[in-house]
Amino acid sequence: MNSPPILIWFRNDLRLIDNPALKKAYEISNELNTKILCVYIFEDYKKFAFKTGSASKWWLKKSLLNFDLELSNLDKNKSDLSSLKLFQGNPKNIFFYLIDKLKIKILIWNKRYETEGYQRDINLKKILEIKNLKVMTFDGSTLVEPSKVVGKKNQRLKIFTAYKNSLIKNHKIPKPLQKPNNLAIFKQINGTINLNHIKKNEKWTGKFNEIWQVGEKYALKKFNHFLKNKINLYNFNRDFIFVDGTSKLSPHLHFGEISPKFIWHKIIKNSFEDNNYGEQAFLSEIIWRDFATNLMLLFPNLNFENMKSSFNNFNWINNLENFQKWKLGETGYPLIDASMKQLWETGWMHNRARMIVASFLTKHLLINWQFGADWFHDTLVDADTAVNYSSWQWVAGCGADAAPFFRIFNPITQGKKFDKSGVFIKKYIKTLSNLDENNIHQPQNSKLKLNYPMPIVDHNFARKRALTNFYKLKKNL
Ligand SMILES: Cc1cc2nc3c(=O)[nH]c(=O)nc-3n(C[C@H](O)[C@H](O)[C@H](O)COP(=O)(O)OP(=O)(O)OC[C@H]3O[C@@H](n4cnc5c(N)ncnc54)[C@H](O)[C@@H]3O)c2cc1C
């Protein structure tokens, strides 16, 4: 085995099953009787939305540690050396260094679609090919590569239903690839950093250790549990915030510990319509994830520019004191406050709660969606630039396929509907634990002495103010 190793660049694809880049590296390594060098790079992105957020760093560190072990378990030659070599910096410089040192001839990776890296990677591939490298890239993170999902006139799609219909009708989702039986891993080189490089706030993220199990093995376990126990009622339960009715696969999907194609094929019957409503609703969410990536490719600045430019003149108030109260869960609206505390305590928030708190920030408080999206980016373990920023724009009303601005969630009635007796609220706001369902959503009406704030803004006033601002904007168009 003296020929140079094949270089595989791992990114948000930290799994063995259905990993097209790894599968290809495995096949070539067998064909050429050579080893595989596994590399992960901490990139120095410029914009906050593309950097790894604080909670995500906690996940990433564990995921890399776990993946290194999984790779080593498959290695034909056992040793104590790590299988996954960690580098920091510009991928181009790191590849040039490795090409020079090890005479690499083949480089393989799964694509990422984040704006800051996407075009850079296309250019990088060209530069490396000019240097006579064989570069192979794959789609490992979506059901179908978003640019291939188009309408009748070959146009790119900005509306979810059209995207979903086209994806289902016109595409055969590739079957997931099996994990390699074994690997010949090249280990005789050091990376430039180790996992201690990932600095995180231990005091805050330490509690995530009790909540999440990170890595491919646990992603599969959780998915199987969901299939067995929850998916058939998913369409019904998914909206009830106090019910544990969703998969909680989002961080695993974000870091690529499980692939959407694998999920799809475990569920799909002969056709989409043959699946029950629970399964269809769940598969639709997996398509939403692809759709968000599609939007990021169509709106590369979705992290800071309104997709609907008509919102550029919207009269935001951006009161920082109110923003702080929202972040801390001190708005005086129990459902909002419990949800924000859930985010801080667990690094995750229920989808309906995400919609309600985002609506509250942008419509009740008239704070620009970017403030909220950045806070989510930093505190979610599943922070995903495409999904997060497009969802915030969707809720705020300025997204491509957005909920209309005039649809303003009432945090009190949402609470009554989706957490009727306040089970969820009481879990995160202990001071409200003695309230019954008549008072839990408006504690200020209770006769009990509670250490709980008054609402920072009156709902009816806030609703009227938001609508006035919105109609003013429309009039000036
Ligand atoms: C303001 C806002 C911000 C959000 N930010 C993120 C984010 O940063 N990362 C993230 O993964 N999701 C985000 N979501 C989408 C959704 O809330 C989460 O994916 C979901 O709550 C994760 O829980 P789950 O895995 O149990 O989801 P399930 O209900 O079990 O859904 C399965 C999977 O489908 C995908 N999915 C579900 N809902 C959506 C959606 N609306 N759009 C796109 N994909 C979806 C996720 O990958 C999820 O894991 C956001 C939603 C809102 C309203």
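Helices, meaning DSSP runs of H or I with at least four residues, and strands, meaning runs of E with at least two, are numbered here from the N terminus. With that convention, N318 is placed in the loop between α11 and α12 (320-328).

Good morning. Before going further, two remarks on the source. This is a predicted model, in which local features need pLDDT of at least 70, side-chain atom pairs count only at pLDDT 80 or more, and totals for chains, interfaces and linings use all residues. Residues are numbered from 1 along each chain as its sequence is written.

Let us stay with N318. Its phi is near 50°, a positive value in a residue other than glycine. Most residues other than glycine have a negative phi. Is N318 buried or exposed? A residue is buried if 20 or more other C-beta atoms, placed from the backbone, lie within 10 Å of its own, exposed if 12 or fewer, and partly exposed in between. N318 has 12 other C-beta atoms within 10 Å, so N318 is exposed.

D18 also has a phi near 50°, a positive value in a residue other than glycine. D18 sits in the loop between β1 (6-10) and α1 (20-32). Because D18 has 23 C-beta neighbours inside 10 Å, D18 counts as buried.

A further loop residue is G151, found between β5 (134-138) and α5 (160-170). G151 counts as partly exposed because it has 15 C-beta neighbours inside 10 Å.

I turn now to the core. A nonpolar core is a set of buried Ala, Val, Leu, Ile, Met, Phe, Trp, Tyr and Cys residues joined through C-beta atoms within 7 Å. The largest one has 111 residues, and those with the most contacts inside it are L7, I8, I36, C38 and V39. Helix α11 (residues 277-298) gives the most to this core, with eight residues.

Finally, the ligand. Which residues are closest to the ligand? They are T246, S247, S250, N388 and S391, among 27 residues that surround the ligand; a residue is near a molecule if its C-beta atom, placed from the backbone, lies within 6 Å of it. Helices α9 (250-254), α11, α14 (351-364) and α16 (385-396) each supply at least two residues of this shell. Where does the ligand lie? Domain 2 (142-175 + 216-298) and domain 3 (309-475) both give residues to the shell, so the ligand lies between them; the domain bounds come from an automatic or database domain assignment.

Thank you for your attention.
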